[in-house]
Amino acid sequence: MNRSTRPLAVAIMGPTASGKTAAALDVARHLPAEIISVDSALVYRGMDVGTAKPSPEERAQAPHHLIDILDPAESYSVMQFRDDALRLVQDISGRGRLPLLVGGTMLYFKGLRDGLDSLPQPEPALRARMEDEMRALGAPAMHARLAEIDPVTAARLNPNDSQRIQRALEIHALCGQPMSALLDRAPPQELPFDLLPLSLEPSDRSELHARIAARFDAMLANDALLEEVRRLRARGDLHPGLPSMRCVGYRQAWEYLDGDYDFQSLREKGIAATRQLAKRQLTWLRSMPEREVIDCLLPDCGARVLRRVREKLEGKA
């Protein structure tokens with residue numbers, strides 16, 4: 001049997017609170033590995049509590065990449081991530097180490113695996129018009145419009161995700177076709193490395209929900225998340241329409257500080273939004289038949305991930 005001579009990268013995917021960071025560190029403690037974050041929130045500096053960013057102690061255990069690379073006023077596209085990830089996998093493999101692609105931003109994983117070259121580039125005049133409409137009508141109304149022309153894309157987007165809703169509407173306006181149809185027809189772009197896709201998924205959804213609630217409560221403890229958002233608001237150049245401030249937890253904290261609701265409602269809305277995020281992540285994962293599922297609720301989940309990685313490496317030796 002022919003064995004691949006290409007480098008190996010491991011994807012450790014899963015919904016929020018599934019233990020991806022812990023599993024990746026289990027691998028890194030036993031194998032020479034470096035972690036590439038696949039998370040659209042961890043790219044932002046100064047957003048540590050609400051993103052559940054790996055602690056300095058955790059980051060000291062293995063090199064981490066694509067964390068704290070942007071100011072919250074900036075944006076980061078799927079194609080930027082793909083370019084960065086391909087470069088990092090090559091660099092890490094060239095050092096004789098194992099790249100671990102770790103995170104829950106499924107659009108990044110899809111962009112890395114398939115590429116997005118079939119989608120048209122933004123057209124400035126159209127984008128400006130769409131931005132005006134988004135400000136005037138609001139994201140939920142624009143999401144309803146998207147649901148009429150591209151129900152597949154609308155179903156996987158949060159009705160408040162104004163950036164991605166706007167992009168999908170732009171693509172339809174430019175091409176006259178749904179973004180989902182263009183992506184389905186786009187031939188996958190072969191990766192220059194072998195990818196082992198491991199997905200940490202719960203055998204009991206209610207247990208994942210309990211983890212989500214406990215983690216959000218920990219963020220609220222000692223006013224940690226609210227103090228973080230207060231510091232971000234105090235800058236004066238950030239607003240709720242930015243991709244950074246639309247992250248789950250930050251949007252709810254911002255609205256709470258605006259006086260839109262009380263603390264109990266903040267907790268309930270934050271947990272509900274996180275659960276919805278996990279649901280969307282699991283929907284994306286089910287669309288990846290090539291993934292290998294490991295129950296994230298098992299006490300030896302990290303050990304199982306490590307064992308599967310070792311088996312794959314031995315098969316390539």
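**Entry 1**

In which loop is Ala 52 found? I traced the chain, keeping in mind that this is a predicted model. Ala 52 sits in the loop between strand S2 (33-37) and helix H2 (56-59). I then looked up its backbone: phi of Ala 52 is near 50°, a positive value in a residue other than glycine. I noted this because most residues other than glycine have a negative phi. Ala 52 has a relative accessible area of 28%, so I wrote it down as partly exposed.

I found another case in Asp 223, where phi is near 65°, again positive in a residue other than glycine. Asp 223 belongs to the loop between H10 and H11. Its relative accessibility is 27%, so Asp 223 also goes down as partly exposed.

**Entry 2: H6 against H8**

Next I turned to helix packing. Two packed helices are described by the angle between their axes and the distance between the axes. For helix H6 (residues 139-149) and helix H8 (residues 162-175), the axes come within 10 Å and cross at roughly 40°. H6 is therefore oblique to H8. I looked up the handedness too: H6 passes H8 in a left-handed crossing.

Which residues meet here? From H6 I listed Ala 139, Met 142, His 143, Arg 145, Leu 146 and Ile 149, and from H8 Ser 162, Ile 165, Ala 168, Leu 169 and His 172. I sorted the residues of this contact into seven nonpolar, three polar and one charged.

**Entry 3: H5 against H8**

Helix H5 (residues 124-137) packs with H8 as well, at an angle of about 135° and with the axes 10 Å apart. H5 and H8 are therefore oblique to each other. Is their crossing left-handed or right-handed? I found it to be right-handed.

On the H5 side, the contact is made by Leu 126, Arg 127, Met 130, Glu 131 and Met 134. On the H8 side I counted in several residues, among them Ser 162, Ile 165, Gln 166, Arg 167 and Leu 169. The residues of the contact of H5 with H8 divide into seven nonpolar, two polar and four charged.

**Entry 4: Gln 163 in H8**

I stayed with helix H8 to look at Gln 163. With a relative accessible area of 32%, Gln 163 is partly exposed. Leaving out residues up to four places away in sequence, Gln 163 touches Ser 75, Pro 243 and Arg 246. I also checked Gln 163 against Met 134: they are 29 residues apart in sequence, and their C-alpha atoms are 9.3 Å apart in space.

**Entry 5: the cores**

The largest nonpolar core has 52 residues, and Phe 81, Leu 101, Phe 109, Leu 225 and Tyr 250 touch the most other members. Elements giving two or more residues to this core include strand S1 (8-13), helix H3 (78-94) and helix H13 (263-286).

What does Phe 81 contact, leaving aside neighbours within four places in sequence? I noted Ser 37, Val 38, Leu 66, Tyr 76, Tyr 108 and Leu 112. Apart from this core lies another, of 24 residues, including Ile 35, Leu 196, Leu 198 and Ile 294.

**Entry 6: a glycine in H4**

My last stop was Gly 111, in helix H4. Its relative accessibility is 0%, so Gly 111 counts as buried. Gly 111 and Ser 287 are 176 residues apart along the chain, and their C-alpha atoms are separated by 14 Å.

Conventions: Residues numbered from 1 in each chain as written. Predicted model: local features only at pLDDT ≥ 70, side-chain atom pairs only at ≥ 80, totals over all residues. Heavy atoms only, no water. Axes fitted to C-alpha atoms, helices over the stretch in contact; angles between N-to-C directions. Helix = DSSP H or I, 4+ residues; strand = E, 2+ residues; numbered from the N terminus. Parallel < 35°, antiparallel > 145°, perpendicular 65-115°, else oblique. Left-handed = near helix turned anticlockwise from the far one by under 90°. Contact = heavy atoms within 4.5 Å. Nonpolar A, V, L, I, M, F, W, Y, C, P; charged D, E, K, R; others polar. Core = buried A, V, L, I, M, F, W, Y, C linked by side-chain atoms within 4.5 Å. Buried < 20%, exposed > 50% of the residue type's maximum accessible area, 1.4 Å probe, protein only.
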